[in-house]
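Hi,

Here is the structure I said I'd send over.

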Amino acid sequence: MMNEQGQIVRNKARLVGKGYAQIEGQDFDETFAPVARLEAIIMFLAYACHKNFKVYQMDVKSKFLNGDLEREIYMEQPERFLLTEIPDYVCKLKKALYGLKQAPRAWYYRLDKYLHEQGFKKDIVDSNLYIKSEGDDLLVVLIYVDDIIFGSPNDSSVLWFSNTMQSEFEMSMIGELSYFLGLQIIQNAEGLFLSQEKYLKEMLMIFQMEDLSPVSTPMIVGCKLRKENISSDVDQRTYPSMIGILLYITTSRLDIMQVVGMVGRFQSAPKQSHLVAVKRIFKYLKGTMTYGLWYPRNQNFQLTMYSDADWTKCLDERKFKHIFL
């Protein structure tokens, strides 16, 4: 396990089942990943700034080993750990195991059951978002596999949740949220800053573009990309991978949202001209690595939505809907 500086903070070793060789049986096709939506994570961080409270992070040790299996599952004896006197015997699993197709579902089911017992309610839109509200006290929890981020305006609620979870599961309290899913988070008295500098550096190294010269704009002014058959073809695997990375970087870099949408149109048949445009975006990002999103504390938390469904009936009329959270 590494931190945001790429330093190893903890070593792990575990027994992993060969899920790819698993024989089909009950619950075999019911795969599930307890992963919170990225949009929910960003909204949670923005809401925490609005309510002026910090967000904390906990890590579940051996998460999938906490799941209770609903069916009987057997596995062969692990290699190099065979019982020589009974080599034909198999192991009956008491708990879920890494690699099993049933493991994520079993872990989520147990965690979901426990949180409901503690008075939490699951969000309708995101099944990995839990909220506990009692009077003026509010506690918000987000689940991402084995990482749990949570926060509350009341420090006693934060302490209660931390102690409660550690009493039920084997967990480690990491502290204030600072690095999560490639997102670097800085929380202070003025607000919250969200960036992806470390993630961007890693991606530049993967595509061997760390030595490229930075540019001042993500795209040449007046550039018009179109489907064409003149320039040479581009690797069908590399180009979509670069687009996917750029789409994830738009989480904190809204300034490249439009140009990423433009180059993303050509993933089915990318050409050299499209790849040149993509590389220019990376050049721009290299020169602006420290850019990110800034959420000031104690600011108006108002979301404005624009609806243009009645365009044919009213050409000039604009309708706005304000939602106050």
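I'll start with Y56, which sits opposite E176 in β8. Strands here are DSSP runs of E, at least two residues long, and helices are runs of H or I of at least four, both numbered from the N terminus. Before going on: this is a predicted model, where local features need pLDDT of at least 70 and side-chain atom pairs count only at pLDDT 80 or more, while totals for chains, interfaces and linings use all residues. Residues are numbered from 1 along each chain as its sequence is written, and side-chain values use heavy atoms, leaving out hydrogens and water.

β1 runs antiparallel to β8, with 5 bridges joining them (two strands pair if DSSP finds at least two bridges between them). Another 5 bridges link β1 (residues 55–60) to β7 (residues 147–151), again antiparallel. On that side, Y56 stands opposite F150 and D59 faces D147.

What about burial in β1? 6 of its 6 residues are buried, meaning under 20% relative accessible area with a 1.4 Å probe, protein chains only. V55, Q57 and D59 point one way, Y56, M58 and V60 the other. In a regular strand the side chains alternate between the two faces of the sheet.

Zooming out, the open sheet has 6 strands in the order β4-β5-β6-β7-β1-β8, with antiparallel pairing. β4 (121–122) and β8 (171–176) are the edge strands with a single partner each, so one side of each has no neighbour in the sheet.

Cheers

Note on methods. Buried < 20%, exposed > 50% of the residue type's maximum accessible area, 1.4 Å probe, protein only.
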